[in-house]
Amino acid sequence: MNSNSLSNLLVYFSILLSAINLVLFSVALSQNSKTSKTSRIAMNLTWLTGIFLGLALVLRGVAAQRAPWGNMYEFALASCFAIILSFLVISIRKDINWLGIFVIAPVLILLGLSVVVLYTESGPLVPALKSSWLLIHVTAAIISYGAFSINFGLSIIYLFKVKNKFKKLPSANRIDEFSYKVVLFAFPIWTFAVISGAIWAESAWGRYWGWDPKETWAFITWIIYAAYLHSRVTIGWKGKKSAWVGIIGYVAIIFNFFVINIWVTGLHSYAGV
Amino acid sequence: MSKQQKIKKQRTQTPLPPMNLRGFFRWLWHQLTSMNTALLLLLLVALAAIPGSILPQKTASLLRVKQWKENNPGLVKIFEQLGLFDVYGSFWFSAIYILLMISLIGCVIPRLKVYWQNLNEIPQKTPENITRFTGYQKINLKSNSYKSIQKVLKKQKWRLNISGNSLTAEKGYLREAGNLVFHASLILITIAVAFGALFNYRGTIIVKEGNGFANNLTQYDDFHAGKFFKEKSMPDFYFYLKNFEVDFERGLNQRGAPRGFVASISLENAGQVEDVDVLVNKPIEIDGTKIYLTGHGYAPRIEVKDKNNEIVFSDSVTFLPQDANFSSIGVIKIPDESPQIGINARFLPTAEIDPLNGPVSTFPGLDDPELFMSFWQGDLGVNEGTPQSIYRLETSNMVETGLEELKPGQTWKLDNGYSVTFQNVERFASFQISYDPAKGFALAGAIFAMLGMFFGLGIQRRRIFLKISTKSDKSVMELSGLSKSATHDVGLDINRLLVELKLAKPFKKDRNL
Ligand code: HEM
């Protein structure tokens with residue numbers, strides 16, 4: 001079995017594990033005790049999913065002999081890995097098992113889409129993508145996407161929580177503050193991703209900014225999250241209003257990833273979708 | 001709330017502008033630099049950027065704009081007037097970001113002044129009652145250790161205001177500095193972008209193997225320059241394309257995807273000649289002007305002879321690639337014959353006959369090249385003075401006199417006496433040449449923005465209040481804290497101080513959110 005098909009196998013296992021986890025996390029959420037046995041099992045399975053996805057990425061990289069984010073399939077896989085990784089890293093310090101269902105559900109959807117719609121065999125890069133700035137730029141983008149996804153999950157939970165659903169979750173205030181901290185972490189990394197992208201564009205296309213659709217939406221995303229931070233610090237928005245700004249920011253990210261990559265032609269089209 | 005009350009409330013929120021001119025401008029300035037306006041402008045910039053990412057833009061591809069207009073003739077006029085095909089150069093987009101910049105400048109300058117004046121600011125005096133602040137506690141001290149407490153606080157880099165038995169310690173002054181640097185850098189980046197747009201130039205050229213290019217305006221196929229660009233300022237270089245090499249993926253997976261391009265050129269600048277390679281992602285630079293390799297294609301060499309066997313045309317012709325497998329189209333116009341001659345041609349580097357679509361190219365490399373041609377005679381329409389595309393044949397006043405396909409080396413003899421020979425295939429490379437004098441400033445702005453953000457977001461302003469009271473031989477310390485941001489727990493700072501004084505154990509982190 002070559003590393004490419006081994007990688008695929010691991011992705012299938014991850015999908016299976018995530019599906020089981022989705023059930024476990026929902027059961028845990030409906031149980032009474034805060035850290036039930038079910039939720040502990042689910043957390044362990046999440047660690048396993050993270051390891052599988054990480055290995056799947058490494059094997060893709062080995063197959064192609066480059067960083068494993070050269071096309072949309074790999075980028076989507078890497079984003080799922082980043083989302084799970086952010087969740088796991090936070091879970092070391094804070095008990096956030098209750099967040100699990102909102103992390104696993106989007107990951108499951110994204111993994112399913114990757115396998116069914118976005119899949120491409122691994123292969124070398126087209127020349128324009130051969131650059132060490134690509135590695136830096138895309139790594140930063142993936143990390144911040146992972147963190148923004150967590151913020152998105154928290155925003156949704158917040159909106160449910162204030163409607164008095166999910167009584168066992170932490171208080172609405174705590175969720176709100178925590179989701180703000182996540183943006184505080186993600187925003188500078190996203191800024192760096194945009195800047196390194198501009199440096200790469202300068203060396204590949206002869207201009208650092210050209211309002212290419214992908215660049216435009218990166219800018220829009222940046223502005224929305226800047227507005228998120230601003231509105232909190234300077235005019236004291238929080239809670240519901242902030243949650244909605246976070247959701248709008250995430251819509252921009254999703255739009256950039258799916259709509260712009262697939263339907264709009266620009267310079268940023270990947271090899272084989 | 002009744003309607004009247006509502007109106008009253010609005011009045012108090014936004015007072016009407018004063019009637020005199022000075023007052024009016026002050027009012028306007030105040031509105032513009034208010035936080036609400038800044039936020040509104042931020043969201044407006046984001047919204048205004050959207051149409052340009054969905055509609056085709058002139059700055060990206062004139063061709064696609066033209067196609068869109070042909071498909072939606074009804075909307076063209078309004079869209080054109082609104083500048084929707086050049087959103088990022090339109091008056092309304094510029095208006096929004098100029099307002100945002102004014103707002104930003106109006107924000108930064110007063111804060112800079114305040115920051116400067118308070119550079120060596122000492123924390124405010126300790127309030128009378130410190131029990132109402134965060135993490136208030138009372139601790140018995142064995143001996144009077146006020147001096148050693150101050151020492152520890154200094155070691156932990158707090159700024160102190162000591163008055164008698166009470167003190168205020170404050171930390172996190174770099175936050176404001178970071179924020180100011182960040183916002184000022186945004187201004188620098190915007191100025192660099194605007195300045196670059198006025199003085200830059202950018203052009204594309206197509207160079208066939210064995211041909212050359214001299215850097216002056218007449219040689220460009222396509223050229224954009226800023227308003228203040230001067231032709232004199234262009235560096236005076238010349239290069240000659242010796243060889244262009246390209247490598248395609250031959251494996252089944254991603255077959256035909258490009259794997260490497262190398263354009264070997266011989267460059268002449270300021271009397272010196274050197275051989276250099278231009279690669280994708282590796283431009284070469286001459287006096288601030290950069291040469292990028294951006295694309296390539298085929299240039300079949302074609303010879304046309306008349307019935308007396310005299311050559312009427314002989315050249316390699318650049319063909320425009322149409323798809324990933326480089327099926328390409330090209331046109332030959334021979335206006336000096338009568339009737340005039342035009343040839344419409346399609347070149348396939350690896351030709352195969354598809355049962356549905358006819359001849360197609362199945363691989364971008366030169367595995368089995370073939371040239372499909374139609375020969376036209378009549379009026380080319382080139383004499384009417386309207387500029388024509390060199391890649392399009394205007395056939396409305398012409399008749400087709402033959403169709404043929406050729407492999408390299410083959411000759412096609414037409415009934416009308418002409419003969420067309422497909423001699424061989426050469427390659428061309430396309431280059432982008434660009435110059436932007438302000439991009440170094442934009443980069444500097446970006447780096448400072450990152451640094452500023454690091455401090456502006458990472459550092460929190462917070463205070464510790466501390467009081468010592470001594471009764472007979474016993475001392476009691478009271479302390480509490482205040483954080484300016486909701487995300488920072490000043491209790492941690494208090495704990496850190498107490499740990500250093502050996503008065504407490506480090507907190508165990510609370511796993512609950
Ligand atoms: C391109 C536009 C702008 C962007 C991207 C931007 C971004 C930011 C960011 C990321 C922060 C940090 C938020 C935090 O501490 O959590 C911030 C803070 C701030 N900004 Fe802006 N900003 C912009 C324009 C403006 C304008 C126009 C004003 C004034 C009208 C302004 C005034 C402030 C103030 C007062 C703060 C609070 C600083 C503090 O933490 O004490 N900004 N901004």
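Hi everyone, and a quick word on conventions. Residues are numbered from 1 along each chain as its sequence is written, chains are lettered from A and ligands numbered from 1 in the order in which they are written. Because the model is predicted, local features need pLDDT of at least 70 and side-chain atom pairs count only at pLDDT 80 or more, while totals for chains, interfaces and linings use all residues; side-chain values use heavy atoms, with hydrogens and water left out.

Let's start at the ligand. Which residues come nearest to the ligand? Out of 24 around it, they are A:His230, A:Val233, B:Cys107, B:Arg175 and B:His183. Being near here means having a heavy atom within 4 Å. The site is shared between chains, because residues from chains A and B surround the ligand.

Now the iron atom. Its protein donors are A:His230 and B:His183, each through NE2, lying 1.9 Å from it. A donor is an N, O or S atom within 2.8 Å of the metal (3.2 Å for Na, K and Ca), and water is not among the atoms, so sites may look incomplete. A:His230 sits in helix α7 of chain A and B:His183 in helix α8 of chain B, so this pair joins two chains. Why is the arrangement octahedral? Because the 6 donor atoms around the iron subtend angles of 86 to 178°. Six donors count as octahedral if opposite ones are over 155 degrees apart and all others between 65 and 115. For comparison, ideal angles for six octahedral donors are 90 or 180 degrees.

Next, polar contacts, which are pairs of N or O atoms within 3.5 Å. A polar side-chain atom of B:His183 lies 2.8 Å from a ligand nitrogen. A ligand oxygen is 3.2 Å from a side-chain N or O atom of A:Tyr180, and a polar side-chain atom of B:Asn179 is also 3.2 Å from an oxygen of the ligand. The elements giving two or more residues to the shell are α6 (172-205) and α7 (213-235) of chain A, with α3 (35-54), α6 (91-117) and α8 (174-199) of chain B. Helices here are DSSP runs (H or I, at least four residues), and strands are runs of E (at least two). The α7 helix of chain A gives the most, with 6 residues. By class, the shell has 16 nonpolar, 6 polar and 2 charged residues.

How many cavities of 30 Å³ or more does a search of the whole structure find? There are 3. A cavity, on a 1 Å grid over the protein atoms alone, is a set of points where a 1.4 Å probe fits but cannot get out, and lining residues have an atom within 4 Å of a point. The second largest cavity holds about 40 Å³. Its lining includes A:Tyr158, A:Asp176 and A:Arg232, and it divides into 4 nonpolar, 4 polar and 2 charged residues.

Finally, two backbone details in chain B. B:Ser338 and B:Pro339 are joined by a cis peptide bond, with omega about -5°, and B:Pro339 is in the loop between β14 (328-334) and β15 (340-348). B:Lys157 is not a glycine, yet has a positive phi of about 65°; this lysine, B:Lys157, is in the loop between α7 (146-155) and β2 (159-163).

Methods: Polar contact = N/O pair within 3.5 Å; in protein donor to acceptor, adjacent residues only side chain to side chain. Nonpolar A, V, L, I, M, F, W, Y, C, P; charged D, E, K, R; others polar. 1 Å grid on protein atoms, 1.4 Å probe; cavity = no way out; pocket = protein on both sides within 12 Å on 5 of 7 lines; lining within 4 Å. Points joined across faces, edges and corners; volume = space filled by probe spheres on them. Tetrahedral: all angles 85-135°; square planar, octahedral: opposite > 155°, others 65-115°.
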